[in-house]
Structure formats: C-alpha cells, structure tokens
Amino acid sequence: MRPVSADEATSPYTLQADEDDGDDQRHVFWADRIADEIAARDPDDPIVIKGGISPSGVPHFGNMNEVMRGYFVAAVLRERGHDVRQVFTADDRDPLRKLPRKLADLDGTLVDLGDVNAGALGRNLGRPYTDIPDPFGCCDSYGDHFSALIQSSADALGVPIELVSNTELYEDGEFEAVTRFLLDHADTARTVLAKYQDKVDADYVPFNPICADCGKVTETVTDIRPDEGEVDYVCTDMEAGGDTIAGCGHEGTATLREGKLPWRFEWPAQWRVLGVDFEPFGKDHAEGSWPSGDDVARNVLGDVPPVPMVYEWFTLDGKAFSSSEGHVVLVEDVLELLEPEVVRFFFAKNPKRARDFSIERLDQLVDEFDRFEQLYFGEVEGTEDETARAERVYPFVVDEVDPDRIRLPFTFAAVLGMFDDPDLREQVARKEGHIPDDADEETVEAALARVERARNWTRRTDNEFNYELKRAEMPDVDLDPATEAALDELADFVAEGHDGDAIQGEIYETAKDNDIDIGALFTAGYRLFFDEEQGPQLGTFLGKLDRDFVVARLRRER
C-alpha cells in the first residue's frame with residue numbers, strides 16, 4: 001500500500017468540515033452528518049460504532065460523552081435501516097500505573113481509597129487491571145468492577161452498548177494475527193511510531209509481555225519469533241508519570257496472548273479486529289493518538305481507519321472532571337436529579353462546542369429541554385432552525401413520543417418538593433393549572449415524578465427551594481401578643497380568598513398596622529410553616545396551599 005502523507009491523512013474534525021465547506025445548514029442534527037460520512041463508505045452490516053476507556057479511577061458522567069455520541073449516530077443509522085453494533089472496549093489489559101484517590105462501589109457511591117482494600121491495588125502496580133483483585137471484593141477483578149460500572153451507566157441511560165474486554169480479546173486470540181503482523185513488520189512499525197514518540201530505537205518492539213513471575217507488564221523484549229507466536233523478554237522497570245514501578249528482572253518467554261500491544265498500535269488493531277466503522281473521541285486524542293493511529297492503520301497495517309469525530313469535553317460546575325480530586329458526578333447521581341431524556345438532550349447538543357454541566361443551574365437545562373419538547377409539538381413558537389432541530393432530534397432523546405405528557409416546570413416541582421404529602425403535591429399542581437382535569441392517572445404519576453428529582457436537586461445544592469413544609473405537626477413557636485394579633489389579621493385576609501401576590505403585600509401592611517417589625521412577622525410565618533428562620537417568598541407560597549390549612553396554621557389551631 002502506498003504510504004499516506006500527513007496531508008492525505010484523515011482529519012478527525014469531521015463535523016468541522018461542514019463549516020469549511022459552507023454546508024453546515026444541510027444537517028440540523030450532527031449525527032446525520034456523521035451517518036452520511038459512514039454511509040458514503042458503503043459499509044457492510046452490521047456497522048460497528050466503537051468507544052473505549054481505560055479502567056482508571058471512577059467512571060463518571062463525563063465518560064458518557066463517548067457512549068452518548070456513538071448512541072445518536074447508531075440511532076440514525078438504525079433509522080435508515082442498518083444493523084448496528086455499538087461496542088465499547090474496556091482497555092483492561094492496561095497496567096495500573098498509579099493509585100486512584102477515589103473509587104466507586106457498584107451502587108455508585110464514591111469512597112476514598114482508604115475505605116476499601118487499598119492493598120489490593122498498591123501491591124499490584126504495573127499489573128493489568130483484570131489481574132488485580134477487586135478492592136471491594138464483589139467482582140472478579142478491579143477491571144471487571146470498573147466495567148460493571150460503565151455497563152450499568154449505559155443501561156441507566158438506555159444505551160445498548162456491547163461491552164468488550166481487551167483482556168478477553170487477547171486471551172481468546174482475537175489480537176494474535178494482527179500482533180504477529182506487527183512483529184513481522186516491526187521495522188515499518190518503528191519508522192512510523194518514531195514520528196510521534198521519542199525514544200523509539202532499533203530495539204523497539206511493538207509488544208509488551210506480561211511477566212510470568214511477578215505479573216507486571218514489561219516493555220523490554222529481547223527476541224521475537226512471530227512464526228512461533230512467541231517473544232522473549234526481561235521484566236524491567238516501568239516509568240509511570242514520573243514514578244518508577246520496579247520490574248523483577250525475570251527473563252522468560254511469552255506467547256502473543258500473554259501480553260498486549262502498546263496503545264498507539266492497540267487502537268488501530270482494535271479497529272481491525274472489531275471491524276470498526278466509526279469512533280468518536282475527545283480532543284486530547286485529536287492531536288495525539290489519532291494521527292499516529294491513522295498512520296499505523298494505513299501505512300503499517302494497510303487498513304482504512306474508521307470515520308472519526310472529535311468532541312469537546314464539558315466541565316462540571318465550571319471545572320474539569322477530576323476523579324483524583326473527587327470533582328465528579330456519576331450517572332446514578334445525575335439520574336436522581338434529571339429524567340433520562342433530559343440527560344440525552346444534553347448530549348444531543350453540538351459536540352463541537354465546549355459546555356458546562358452545572359448542577360447549580362440544572363433548572364435552566366430542564367427549562368431548555370421543556371421548550372425543546374414544546375417546539376416539537378408546536379406548543380410554542382421558535383425560529384425556523386430551532387423548530388427544525390426539535391423536529392429532527394426530539395424523537396431520539398425520548399423513549400416514546402407522547403403528545404399527552406405533562407412537564408411540571410422544574411422550579412415549580414422544587415416548590416412541590418417542600419410538601420411530603422403526595423396528594424398535596426397533586427392538589428397544588430392542579431390548582432396552579434399544571435395538571436389538566438382530563439389527565440389520566442399514569443400521566444399524572446409520570447409528571448409528579450419530577451418532584452422528587454427537583455427535591456433531590458434542592459437538597460444537593462441547598463438552594464432557595466430547600467425547605468420542608470411542616471404540615472403534619474405545628475412547630476412550637478413562642479410569639480408575643482402583637483405578633484399573634486397580626487397573624488390573626490393575616491388569617492382573616494387569607495380566608496377571604498386572596499391570591500399569593502396579594503397575601504405577600506398584605507404581610508407588609510399587617511406588620512405596619514400592628515406596629516411590628518416586618519422581618520419579625522416574616523420570621524414568625526417561616527417558623528410556623530417551616531420551623532426555619534427564613535424560606536421562600538412567604539405570601540406567594542401560602543397562596544399555593546389549601547386555604548383552610550393556611551388559615552388554621554396562622555391562627556395556631558393546627
């Protein structure tokens with residue numbers, strides 16, 4: 001195969017090519033652009049979409065970028081009638097190079113390393129993840145534990161990934177043929193790799209055996225016998241981020257199933273073994289691993305690399321995700337705050353743009369989704385582009401297109417979260433016009449499910465909605481006669497049937513009429529209803545409650 005120059009190599013910026021060609025308006029959904037690119041190659045079914053991750057630290061919400069980008073492209077291709085496999089490789093034959101500071105159990109609870117069997121990791125630096133005991137003791141290995149978390153996260157988002165273990169691919173001999181080919185063409189492999197990596201000398205071999213004595217991955221190969229499927233090695237030290245993991249010095253022989261390819265060769269080898277047609281990846285790979293992978297695929301293996309797509313990372317509350325610092329949120333955590341369709345909507349946005357996933361401002365994301373949904377159903381007006389995008393993308397983010405669905409505004413749901421009584425939540429939602437009279441029970445139940453998520457959000461962020469109405473039992477409040485008189489007058493006003501805005505204004509007037517401090521009257525109200533010194537806008541809130549209860553509470557009767 002004729003060598004491909006750098007100018008001819010595949011650019012990973014597939015989406016950006018639309019802008020360069022002035023053709024961006026043709027695709028209101030980026031996944032259609034990628035699907036077109038894949039279809040142009042006339043691939044055989046099943047079309048294979050791949051993602052991957054090395055089991056390091058905590059598999060967090062940010063790691064779902066790759067899963068979700070692949071999901072939307074797969075969905076578009078399936079819509080077009082293609083059979084699609086969405087595989088996700090756990091690069092679990094990679095060696096553990098450093099100890100993570102945080103881990104997660106299978107329920108998604110973050111724990112410090114010291115809270116588990118840290119020795120299971122500390123004694124096994126340099127060994128493949130699948131050869132390291134699970135520090136939680138619940139899975140066969142640390143690698144299996146990490147993979148289980150990835151699988152459960154994808155399942156929770158409704159993404160049907162096929163999780164593939166690199167270790168199993170090696171042990172089953174799936175990598176054997178491509179590994180033998182690379183060893184047969186080791187000179188060419190060295191020449192190509194030297195363009196991207198320092199310290200590639202004449203002794204470099206693109207294979208890392210696993211030491212039969214200590215179990216660590218070693219990079220020192222002393223002889224290769226591709227026809228026999230063997231290499232000789234010495235277990236030497238491994239450099240890991242400025243630290244050194246000591247080798248044991250053992251000299252031995254390994255088969256091609258008893259080791260792994262270095263990453264810059266393993267990635268294009270995965271493309272060949274799995275028949276990958278498309279793979280999205282973060283911008284870190286765009287200028288690093290992708291150019292070398294493209295080069296190795298074309299000029300060493302003689303393969304055409306898959307259609308690539310670079311996506312921008314997103315931050316968490318303005319900062320990069322960091323497992324080591326504990327600045328992460330897991331999929332399980334997010335789904336306690338948001339419906340899966342809102343999460344899918346977030347990932348359906350343009351991958352070319354960097355975004356922030358702000359837990360503090362989740363209400364804005366939900367409001368954006370609700371408007372997007374309303375655009376699809378023609379319930380609100382938008383620009384031509386907004387409407388076209390909603391009409392195209394919305395069916396891909398929901399489990400079912402339901403014109404009768406009910407969405408409570410998120411901050412209103414947060415207000416309802418102040419009530420423990422489910423019947424009161426429904427009553428107030430109906431009173432405020434958010435639940436129509438003819439809504440069936442299942443639809444109402446689905447709508448009110450948002451209340452618990454909004455309540456979880458208020459508690460996590462401790463925002464202005466994080467209060468709980470003390471309805472079952474009246475708090476013990478010590479009031480002076482003037483304040484009691486003012487509350488009685490306010491009760492009479494509420495009994496006349498005024499709305500929340502009028503009640504809010506009357507609180508001020510009542511305080512003035514009784515010559516008491518306005519703040520003190522508000523505090524008395526907050527104590528009576530929340531047993532707190534402060535709370536939401538009191539009059540507006542009281543206007544949402546059933547009148548008889550408010551009147552009785554203001555009169556300290558119940």
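What follows is a working chat about a predicted model of one protein chain.

Reader: How much of the chain is buried?

Author: Of the 558 residues, 53% are buried.

Reader: What share of the contacts comes from residues 24 or more positions apart?

Author: They make up 71% of the contacts with a separation of 6 or more.

Reader: On to the largest nonpolar core. Which residues touch the most other members?

Author: F61, F72, L338, F357 and L408 do. The core holds 114 residues. Helix α3, residues 64–79, gives the most to this core, with 10 residues.

Reader: Take F357. What is it in contact with, neighbours within four places aside?

Author: Its partners are F61, F314, T315, L316, D317, V334, L338, F346, L362 and L365. Two of these, F61 and L338, are also on the list of residues that touch the most other core members.

Reader: What lies apart from that core?

Author: Another core, of 38 residues. V205, F207, W271 and V310 are among them.

Reader: D317 was in the F357 list. Where is D317 found?

Author: In the loop between β15 (314–316) and α12 (331–334).

Reader: How accessible is D317?

Author: Its relative accessible area is 33%, so D317 is partly exposed.

Reader: Which other residue has a positive phi without being glycine?

Author: D531, with phi near 55 degrees. D531 lies in the loop between α21 (518–530) and α22 (538–544). Its relative accessibility is 38%, so D531 counts as partly exposed.

Reader: Peptide bonds next. Where is there a cis one?

Author: Between D45 and P46. Omega there is about 0 degrees. Most peptide bonds are trans.

Reader: Where does P46 lie?

Author: In the loop between α2 (30–39) and β1 (47–53).

Reader: Switching to helix packing. At what angle do α14 and α15 pack?

Author: About 105 degrees, with their axes 8 Å apart. Helix α14 covers residues 362–376 and helix α15 covers 384–397. The two are therefore roughly perpendicular to each other.

Reader: Which residues meet there?

Author: From α14, F369, R371, F372, E373, L375 and Y376. They meet E386, T387, R389, A390, E391, V393, Y394, P395 and V397 in α15.

Reader: How do the residues of that contact divide?

Author: Nine are nonpolar, one is polar and five are charged.

Reader: Zoom in on E386. What is it in contact with, leaving aside neighbours within four places?

Author: R371 and L375. Both belong to the α14 side of the contact. E386 and L375 are 11 residues apart in sequence and 7.7 Å apart in space, C-alpha to C-alpha.

Reader: Last topic, cysteines. How many disulfides?

Author: The count comes to zero.

Reader: Where does C138 lie, then?

Author: In the loop between α4 (119–122) and α5 (142–156). At 45% relative accessibility, C138 counts as partly exposed.

Reader: What does C138 contact, neighbours within four places aside?

Author: L106 and H145.

Reader: How far is C138 from H82 in space?

Author: They are 38 Å apart, C-alpha to C-alpha. In sequence they are 56 residues apart.

Definitions and conventions: Residues are numbered from 1 along each chain as its sequence is written. This is a predicted model: local features need pLDDT of at least 70, side-chain atom pairs count only at pLDDT 80 or more; totals for chains, interfaces and linings use all residues. Side-chain values use heavy atoms; hydrogens and water are left out. A nonpolar core is a set of buried Ala, Val, Leu, Ile, Met, Phe, Trp, Tyr and Cys residues joined through side-chain atoms within 4.5 Å. Buried means under 20% relative accessible area, exposed over 50%, partly exposed in between (1.4 Å probe, protein chains only). Helices (H or I, at least four residues) and strands (E, at least two) are DSSP runs, numbered from the N terminus. Contact means heavy atoms within 4.5 Å. Axes are lines fitted to C-alpha atoms, for helices over the stretch in contact, and angles run from 0 to 180 degrees between N-to-C directions. Angles under 35 degrees count as roughly parallel, over 145 as roughly antiparallel, 65 to 115 as roughly perpendicular and the rest as oblique. Ala, Val, Leu, Ile, Met, Phe, Trp, Tyr, Cys and Pro count as nonpolar, Asp, Glu, Lys and Arg as charged, and the others, Gly among them, as polar. A disulfide is a pair of cysteine sulfur atoms within 2.5 Å.
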